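Good morning, everyone, and thank you for making time for this short talk. I would like to go through some charged side-chain pairs with you, slowly and one at a time.

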Amino acid sequence: MSIPFIDLKTQYQRAKKDIDAAIQAVLDHGQYIMGPEVRELEQQLADYIGVKHVLACSSGTDALILPLMAKKLKKDDAVFTVPFTFFASAESISLAGATPVFVDIDAQTFNMDPAALEVQIERVLSEGKLAPKGIMPLDLFGLPADYDAINAIADKYGLFVLEDSAQGFAGDYKGRKACGLAEVAATSFFPAKPLGCYGDGGAVFTNDDAMYDELVSLRVHGQSKVGDKYDNVAIGLNARMDTIQAAVLLEKLKFYDDELLHRNRVANRYDELLGDVLETPQVPEGYGSVWAQYSVLAESSLTRDRVREAMQAKGIPSAVYYPVPTHLASAYSDLGHQIGDFPVSEDFSTRIFSLPMHPYLEDEQIVKIADAIKTAL
Ligand SMILES: *Cc1c(COP(=O)(O)O)cnc(C)c1O
């Protein structure tokens, strides 16, 4: 039998009775939009992460766009992010009307390099074309970025920080949880993310009351804060989370901690079995990953392709996140970037690949995957 890259079927079997009942309860009460489960989920997420406000919404992309909209950005406002990520990070900056400015990643953590961030901010300031406004670091593959360093730079230059934790829900950073590491944070509940629903979903996290009020309004067409449906005070979105998705997430949150233990079990086994033959992921002291992906670096692009083909021949899936760094995407050709602008991101995009990662991988499967890789090498 082939090994699934992500195993949502086994997860569903584990909690089928509860999940079915939770969905049935929504069908019975009939409040499909903004039903009581949405508020309940927001409260539980706020308690779990340790922030004051959570706003459930329609996707991780919308969870990024909503706080950026609240910042009322203009075309010549710069928001700094990394090019080594899913397209939605930079895209949300553009959709909110601002201009993304890229910062290369650190070779150890694959996350935003704080030293490179400061260099880019200084460059933008001295060029004088764009006004630095915000920073969007990303918790890539489930590992938090270095928020102490990034928040300190933000303070120094008067910038906001929006944590893109679409892959990092509740990752550990010096005893605090990801999604609570910056002024405002966003996560995704896309099915393949560490905490996934059965469709699209996302959430925004903040301790800031004024930001939260803006988000509540923007989520429903910029409706007025006094609750008058037909007095709109801003141009917003329809970015609500479906009640059924909230009901599913409430059930899955109950065993998320247990799943994280198992994701770490799998990662530790991969480390043991593959640490000598590939560059395996490094988790710095004081950090904990939620292992959205377990990504390794091969020696070269050719080696990567050879290993992936050998894995595929044995029914073992793998994936490449991300083959094209965002600064080289066609949609951003107008920014005028070229190969060589962000060397770490470019190099990694040619050598990286991700192994099957989910809480239900059994030890013999992990050994089989590692053997296939070692044989190919
Ligand atoms: C998945 C992802 C998003 C977008 O989330 P959706 O729920 O798919 O809209 C944004 N940023 C990153 C880093 C992601 O991995």
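Predicted model: local features only at pLDDT ≥ 70, side-chain atom pairs only at ≥ 80, totals over all residues.

When the whole structure is searched, 18 salt bridges are found, and I will describe a few of them.

Let me begin with R123 and E127, whose side chains meet in a salt bridge with an N to O distance of 2.8 Å. Where do R123 and E127 lie relative to each other in helix 5? They are 4 residues apart in that helix, which covers residues 114–127, and so they are separated by about one helical turn. R123 is partly exposed, with a relative accessible area of 33%, and E127 is partly exposed as well, at 46%.

The next pair is R176 and D148, whose side chains form a salt bridge at 3.7 Å, again from N to O. Because R176 lies in strand 7 (residues 176–177) and D148 in helix 6 (residues 147–157), this pair ties together parts that are 28 residues apart in sequence. R176 has a relative accessible area of 37%, which counts as partly exposed, and D148 is partly exposed too, at 37%.

Definitions and conventions:
Residues numbered from 1 in each chain as written. Heavy atoms only, no water. Salt bridge = Lys/Arg side-chain N within 4 Å of Asp/Glu carboxyl O. Helix = DSSP H or I, 4+ residues; strand = E, 2+ residues; numbered from the N terminus. Buried < 20%, exposed > 50% of the residue type's maximum accessible area, 1.4 Å probe, protein only.
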